[in-house]
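Dear colleague,

Please find below the sequence and structure that I am handing over to you.

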Amino acid sequence: MKNPSLSIIVPCLNEEKTLPIVLEKILSIKQNDLKDFSVRIIVSDNGSTDNSIEIAKSFGAEVVHCETRGYGAALDFGIKSTDSDYIIFADADDTYDFLEAPKLFFEAIKGYDLVIGNRLNKNLKKQSMPFLHRYLGTPVLNAIINFLYTKSDNKIKDCNSGFRCFNRKAYLNWDIVGTGMEFASEMLVKALSRNAKISHIDITLYPDKEGRVPHLKTWRDGMRHLLQILVESPKFFYQAGTLLFLLSFIGIILGWLVGPVKIGIFNILGIHSMLVLLFLGVIGLTIFSIGLGLSTKKKNLPKVYNYLINLSEDKLFWFSVFTLIISLGFILILFILWARNGFSNIDFSKDTIFFVSIGTFGIQLVSSIIFSHLIKRV
């Protein structure tokens, strides 16, 4: 049986100081650990203006030129420039040790779609990872990905690792489009969504070389990762938004019908509780609406989202009219009560909050549905 082929992709933007070190290590593993395999070394240049291109060629690496700027763009371009069975990529800054690459490759060819180099272990070198990345950024993003996308036996240990090996055919099926640092999160989320078989191998992370300016921007790229993780999960917005709204709406109705209720020393479901519930209900509908908007561009949707965004135009019209009539009717009742007071101070009561709530919720719901249908047409 023929051994699988491998391409090692190195994204590069002005890395003349560390690229020789990286390429020397890659040549070493190609000639030793991976000598029985067909291995291509590809430097995906992203617009270098220093000597990086000349250095890459001097080591016998193939150089491809990605005109679209960005970490993800450079990697995707390099991956699509080869026909190898498997791909390994890591940065050109020598923070990841390419001498450890064979460990990832040998794990991948056992049948895994993706093998992630896990940095979060005892081999993590001092000052190799900023405090916020180590104890806040990566753990939080790990937790969100695992909560939204993984099962108990498939947890992600290091979502931000830039040292990975994967099956190229599987990668092409993931349809990754991110061009920046969010590429790493998009790969994980889409691989998990397509039930990819994933493994982890502990690796060593080293500090940046002295004088090198990192390409990573903590808050900008952290937000990119978070948005990319959430954009693939309309189901989360549906479940969270619906739950928060229903609990708030039921609480408002109970407050209107039976409140306030005294429990021990506390009075609940009075006008102040109802005001808080109105606020939470608006937040719930807002979260629901975000998911509804995302659903116009996604597949495998919750049934409610699928129904709402696929309403025929006549049903959309009559649903909107009916809901708005009811909503505005409650606002009109409130207006009448205000008029009875000579348009002075309105009676601040349970009825007032209930009428405002019904009107607000109805108008917000219709607005979000119509907005989702507008997005479909863009």
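The expected span of a helix is 1.5 Å times one less than its number of residues, and helices (H or I, at least four residues) and strands (E, at least two) are DSSP runs numbered from the N terminus. The model is predicted, so local features need pLDDT of at least 70 and side-chain atom pairs count only at pLDDT 80 or more, while totals for chains, interfaces and linings use all residues. Residues are numbered from 1 along each chain as its sequence is written, and side-chain values use heavy atoms, with hydrogens and water left out.

Helix α12 (residues 313–340) has 28 residues and reaches 40 Å from its first C-alpha to its last, close to the 40 Å expected. Its buried residues (under 20% relative accessible area, 1.4 Å probe, protein chains only) are L316, S320, T323, S327 and L334. These buried residues of α12 pack against α13. After α12 comes G342, with a positive phi near 70°.

Helix α9 (residues 234–258) has 25 residues, which should span 36 Å; its end C-alpha atoms are 36 Å apart, in agreement. Buried in α9 are P234, F237, G241, F245, S248, G251, I252 and G255. An α-helix has 3.6 residues a turn, so residues three or four places apart point the same way. The buried residues of α9 pack against α8 (218–231), α10 (271–295), α11 (303–309) and α13 (350–376).

The axes of α9 and α10 (lines fitted to C-alpha atoms over the stretch in contact, with angles from 0 to 180 degrees between N-to-C directions) come within 7 Å and cross at roughly 155°. That makes α9 roughly antiparallel to α10, the term for angles over 145 degrees. The residues of this contact divide into 18 nonpolar (Ala, Val, Leu, Ile, Met, Phe, Trp, Tyr, Cys and Pro), nine polar (the others, Gly among them) and no charged (Asp, Glu, Lys and Arg).

Helix α7 (residues 183–193) and α8 pack at an angle of about 20°, with their axes 8 Å apart. That makes α7 roughly parallel to α8, the term for angles under 35 degrees.

Finally, T18 lies in the loop between β1 (6–12) and α1 (19–31). T18 is buried, with a relative accessible area of 3%. Leaving aside neighbours within four places in sequence, T18 is in contact (heavy atoms within 4.5 Å) with A92, D93, D94 and K209. The C-alpha atoms of T18 and S52, 34 residues apart along the chain, are separated by 9.3 Å.

With kind regards

Technical notes. Buried means under 20% relative accessible area, exposed over 50%, partly exposed in between (1.4 Å probe, protein chains only). Angles under 35 degrees count as roughly parallel, over 145 as roughly antiparallel, 65 to 115 as roughly perpendicular and the rest as oblique.
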